[in-house]
Amino acid sequence: MSVVDLPTRHAAGWDRATRHPFLAAVAAGTVPEAAFRTWLVQDYLFVGDLLRFQSRLLARAPRAAQAILVAGAAALVDELAWFEKVAVEEGLDLSATRLPATAAYDRLLTGLDGVPVPEALTALWALERVYLDAWSFAAPGAEPYRDFVAHWTTPEFAAYVTELATVADEALAGADRGAAEPHFVAVVEAEIAFWDMAWEPA
Ligand code: HMH
């Protein structure tokens, strides 16, 4: 089994995380602007938390996973700078506090510090893959969201996600594959809650 088999093993949750009403509304151009702005600021806070998690994971990662984790961390630094540019353009307040779903996701990431590296790598792959699939579902997106959707569906991002699957699979080869599955499920649930936070349609 490869980690890439996990989405089909948990198809209902995966669908809820990657075909959420928020994403459908971005595709249709009907998402309330305030909801999108709230979500953007929370995603900025999440990316900061993710960079910290990824840095801690790098510190204990096997040799074969180091290069991809470093490249991914550098991409997250660029992503933070991109959010800061958008914030200036759109007048967003990035100093907002974490809403409950963002805080809960950070606790999930911190909890992963205590699990074996192969399981943490699986969770990292899952949180990137679910995000890529979610925005791919919304693509190309309606105005004014098209540039955002394009930013999160680049071929470079897709290639990164594929590489993460490879290192997760390599690490899991000598580990307990079954132990990774609950972390996958927890990531999917955290993603659903993260979309719900932005907008729960009536
Ligand atoms: C909620 N999940 C969420 N935000 C992100 N930026 C990613 C995953 C991937 O970076």
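**View 1. The shell of residues around the ligand in the predicted model****.** The ligand is surrounded by Asp 43, Phe 46, Val 47, Leu 50, Leu 127, Glu 128, Tyr 131, Glu 191 and Phe 194, a residue being counted if one of its heavy atoms lies within 4 Å of the ligand. Helices α4 (33-60), α7 (117-138) and α10 (177-198) each supply at least two residues of this shell, and α4 gives the largest share, four residues; helices are DSSP runs (H or I, at least four residues) numbered from the N terminus. This is a predicted model in which local features need pLDDT of at least 70 and side-chain atom pairs count only at pLDDT 80 or more, whereas totals for chains, interfaces and linings use all residues. Residues are numbered from 1 along each chain as its sequence is written, and side-chain values use heavy atoms, with hydrogens and water left out.

**View 2. Residues lining the largest pocket****.** Of the 22 residues that line the largest pocket, Ala 75, Leu 76, Glu 79, Phe 157 and Tyr 160 lie nearest its centre. Here a pocket is an open set of points on a 1 Å grid over the protein atoms alone, where a 1.4 Å probe fits, with protein on both sides within 12 Å along at least five of seven lines, and lining residues have an atom within 4 Å of a point.
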